[in-house]
Amino acid sequence: MRKWLVSCLLLCLFVSLALPASATEKAIRHDDKQFVYMTFDDGPRPETLLLLDVLKKHQVKATFFILGKQIKGNEDVLKRIIAEGHAIGLHSMTHDKKAFFKTPKSAVTEMKHVQQLIFQTTGVKTNVIRVPYGSVPHMTKPHRDAMAKAGFLMWDWNVDSLDWKRKDDPRLLQFDTIQKVRANRARQVASVVLMHDQSTSAASLDYILRHLKREQYVFTTITDTTPPYNFYNKWNTNTSRK
Ligand SMILES: [Zn+2]
């Protein structure tokens, strides 16, 4: 009987160790509230204004990962994001996979460039980053080390709305995103939701926020002081990682 109990405990220990990122993910739920981090990539663009209107309507603060090449001509959009209390992250200058990930140095240089541009335009400096296409599988260990050395805090996501490919299927986008957030809550994990600055996402955002607010989720932003400071896509175990 005791032997059975020991093997059972060992099995439980093995299973809990084998689950990827559980510790990291648990850390993003830093008290008893059900946190959701809404994040938007690839702005600022004119479409960002639609998202801002929806966020204002629901009194939700979000995090916008800014693309350096989009700033010129959209300075007022960037300023409005900040004026309305949202957080800013860095999302590279080029969004060009080959150029950005070429070397650890090229990745850091691009992030520093967009960091500087945002500072010049708004006076805001952030160290929060999201690399183009996420950290899996492109960020090698030398890339991650170089980012950390430069003081950057890397954030992926754990709810992909797939809004870029579900433009014609808003129902699927909305239901699937809400389901993924609920599934995270069932695992006692906060949700970092990935969406993009595009007009079709704004209508879906309205639906998603209305439903999640009804379910008492708490919306908050990612800043330099948000634990666990780096949040990698470690749950993606199907992808080989370097
Ligand atoms: Zn992007």
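Good morning. I shall begin with His91, which touches Asp41, Asp42, Phe65, Ile66, Leu67, Met111, Arg130, Val131 and Pro132, leaving out residues up to four places away in sequence. Please keep in mind that this is a predicted model.

Is His91 buried or exposed? Its relative accessibility is 2%, and because buried means under 20%, His91 counts as buried. Two polar contacts deserve attention. The side chain of His91 is joined to that of Asp42 by a polar contact of 3.0 Å, and the side chain of His91 also makes a polar contact with the side chain of His95, at 3.1 Å.

These residues bring us to the metal. Which residues coordinate the zinc ion? They are Asp42, through OD, and His91 and His95, each through NE2, at 2.1 to 2.2 Å. Along the chain, the donors follow the spacing D-x48-H-x3-H. Asp42 lies in strand E1, residues 35-43, while His95 is in the loop between strand E3 and helix H5, so this pair ties together parts that are 53 residues apart in sequence. Both Asp42 and His95 are buried.

In soluble globular proteins, nonpolar side chains tend to be buried together. The largest nonpolar core here has 44 residues, and Met38 and Met147 have the most contacts inside it. Helix H9, residues 199-214, gives the most to this core, with 6 residues. Beyond its neighbours within four places in sequence, Met147 is in contact with residues including Phe100, Ile129 and Phe152. A second, separate core of 12 residues includes Phe65, Trp155, Leu194 and Ile222.

Thank you for your attention.

Terms used. Residues numbered from 1 in each chain as written. Predicted model: local features only at pLDDT ≥ 70, side-chain atom pairs only at ≥ 80, totals over all residues. Heavy atoms only, no water. Donors = N, O, S within 2.8 Å, 3.2 Å for Na, K, Ca; no water. Helix = DSSP H or I, 4+ residues; strand = E, 2+ residues; numbered from the N terminus. Buried < 20%, exposed > 50% of the residue type's maximum accessible area, 1.4 Å probe, protein only. Core = buried A, V, L, I, M, F, W, Y, C linked by side-chain atoms within 4.5 Å. Contact = heavy atoms within 4.5 Å. Polar contact = N/O pair within 3.5 Å; in protein donor to acceptor, adjacent residues only side chain to side chain.
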